[in-house]
Amino acid sequence: MTTLKAVRGTRDLLPPETALWNRIEATARSVFARYNFGEIRTPIFEDTSLFARGVGEETDIVSKEMYSWADGERFEEKKMIAEWIGKNQSDDPSRVQAGRINVQGNPPFLTKLNALGVQRQVYRGIAHGPHLTGATELVSFRPVVSTEAIADLRKARELAKSDQSSQLQQHRIDLRLVVPASAPPDLWVDQGDVIVERFDGQFFASSQSLTLRPENTAGVVRAYIEHKLGETGQLQKLYYIGPQFRRERPQKGRYRQFSQIGAEVIGPPSAGSESPLRDAEVLEMLATLLDELGITGWTLEINSVGSAVDRARYNEVLRTALVSVAPRMCQDCQRRAVTNPLRVLDCKVPEDQPIIETLPKITDSLDEASKAHFAAVLAALDAAGVPYVRNDRLVRGLDYYTRTTFEFTHGGLGARNALLGGGRYDGLSEAIGGPKAPGIGFAMGEDRLVLTLQSLESAPPQVADAYIAPLGENLNPAALALARELRRAGLSVELGDGTFRLKKSFEVADKTARRIVILGEDEQQSGILTVKTFATGMQTKVNRAELAVYLSTPASE
Ligand code: HAM
């Protein structure tokens with residue numbers, strides 16, 4: 001059997017790397033708390049239309065990268081039965097065929113048969129007038145092959161054989177399970193004597209299209225609307241940490257399941273949600289967070305994509321400019337030139353870049369109010385001493401952005417160098433059916449923070465404060481009691497096992513802990529333990545009452 005592996009683009013995070021993830025999350029939570037943000041947790045899947053309407057149909061994320069599926073699918077058993085009978089019917093009554101005939105029997109028997117999901121009106125056998133002759137099959141129609149369906153068929157056969165009234169009693173009864181050809185493979189089900197038939201056709205009626213969230217802003221705004229958070233009249237300052245899903249081509253720093261740490265500031269305009277000070281405060285918070293994480297050498301790139309009106313105007317300017325050049329561009333750009341010209345600027349095809357360079361800039365389409373807003377954001381950043389670089393091509397790959405857009409990049413990440421991205425989204429709430437609720441936010445790629453930190457520092461191996469080595473199996477219970485005592489005192493403790501010889505205990509302890517505590521009969525009786533510190537090679541006797549304090553002193557002392 002082939003061994004199962006984590007799905008392409010997903011991965012397991014193991015210790016000691018997970019310690020770094022936890023440190024990043026703890027630092028983020030502590031910074032968010034100081035800026036008075038509260039945590040929001042939204043579901044990891046949402047109605048597909050949330051992303052189509054929020055993020056935008058023409059974006060790469062929505063048009064190419066979402067994990068979507070039809071949910072609440074109802075298995076249409078009747079449709080399958082009708083099609084199956086149609087396919088199996090023959091005009092020749094002496095041939096094996098399927099049909100509808102009321103299997104004879106008393107009502108309780110027939111009710112039980114139906115309860116087992118075995119169709120009493122469907123048979124495969126040879127019809128002889130209204131009766132069945134020869135071998136007969138009991139047929140069950142199910143959405144998947146399951147142990148339960150197989151068991152039910154076997155029970156039905158027993159029932160038919162034992163029920164005096166059953167017309168099937170005299171027959172050889174075969175069992176048939178019909179499932180849609182699209183049903184998942186039946187890896188663990190023992191089919192035994194049951195014929196499993198995979199039948200071609202569409203036998204599911206779907207009700208709702210769902211999508212694993214490719215980002216969290218749309219979900220947060222959906223929750224803001226659903227819980228009427230705008231009615232509080234307050235600014236909502238919300239942060240989240242969690243997995244996102246995009247079917248991108250996996251490479252270092254780009255995964256199909258990745259984690260984002262993000263935050264959003266959103267509220268009614270009367271709460272000051274449109275103020276450029278909010279933009280600057282979010283950016284200043286990010287600079288602080290990166291500093292506290294120990295990430296140095298980042299660059300903040302910033303731009304303004306203007307108001308919704310500015311963007312619409314720019315889209316038309318672009319549309320006109322693209323008429324003559326689009327035919328020389330890639331297929332995607334040719335389509336975007338018509339449907340959503342702004343998205344041409346996301347194009348990654350190298351041959352198209354010189355053409356994109358010649359296109360008009362969004363900065364030239366901003367009206368006075370947007371220009372003033374942007375100038376105010378930059379002035380506040382200057383005052384706070386947050387360095388930035390203006391990048392007038394930075395439009396970001398999501399349709400909801402208005403005015404300020406930004407990215408923090410880091411050289412340590414190579415080509416996929418965006419550590420985080422964000423911006424203002426003043427019309428998003430209305431686009432998904434909510435009240436006017438301007439907002440600004442960002443999301444950091446946690447996987448990329450980890451990579452960056454790993455490129456900056458070498459992580460210390462994870463070691464426990466102490467390893468307890470009981471000298472003999474009879475001391476195992478006492479060792480557990482001692483470990484409990486020390487762990488409750490806040491120490492990290494690795495518990496050895498008395499079947500190990502002392503030499504092996506030392507070997508294991510040296511790899512997993514800073515110190516080894518020997519627990520032999522003598523130590524148990526006297527309450528004085530032998531402790532060795534590996535870094536210094538020093539061995540000493542410590543009173544049990546002082547052990548916790550001794551073990552918490554740095555191992556170099
Ligand atoms: P985004 O630019 O699509 O924005 O993603 C934000 C960050 O998530 C990126 O800068 C990157 O660090 C990380 N990221 C994206 N895709 C992947 C991937 N496949 N693998 C690893 N990391 C990835 C948003 O998601 C917006 N919701 C940000 C926002 C919040 N705007 C306003 N509020």
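In this predicted model, a polar side-chain atom of R396 lies 2.9 Å from an oxygen atom of the ligand, a polar contact being a pair of N or O atoms within 3.5 Å. A polar side-chain atom of E248 sits 2.7 Å from a nitrogen atom of the ligand, and a polar backbone atom of G445 is 3.2 Å from a ligand oxygen atom. Of the 660 Å² of accessible area that the ligand has on its own, the protein covers 96% (Shrake-Rupley method, 1.4 Å probe). Residues are numbered from 1 along each chain as its sequence is written, and side-chain values use heavy atoms, with hydrogens and water left out. Because the model is predicted, local features need pLDDT of at least 70 and side-chain atom pairs count only at pLDDT 80 or more, while totals for chains, interfaces and linings use all residues.

Stepping back to the whole shell, 27 residues surround the ligand, and the closest are E215, E248, Y255, E264 and Y401; a residue is near if one of its heavy atoms lies within 4 Å. Strands β13 (257-266), β17 (418-424) and β18 (439-445) each supply at least two shell residues (strands are DSSP E runs of at least two residues, numbered from the N terminus). The largest share, six residues, comes from β17. By class, the shell holds twelve nonpolar, eight polar and seven charged residues; Ala, Val, Leu, Ile, Met, Phe, Trp, Tyr, Cys and Pro count as nonpolar, Asp, Glu, Lys and Arg as charged, and the others, Gly among them, as polar.

Conventions
Polar contact = N/O pair within 3.5 Å; in protein donor to acceptor, adjacent residues only side chain to side chain. Helix = DSSP H or I, 4+ residues; strand = E, 2+ residues; numbered from the N terminus.
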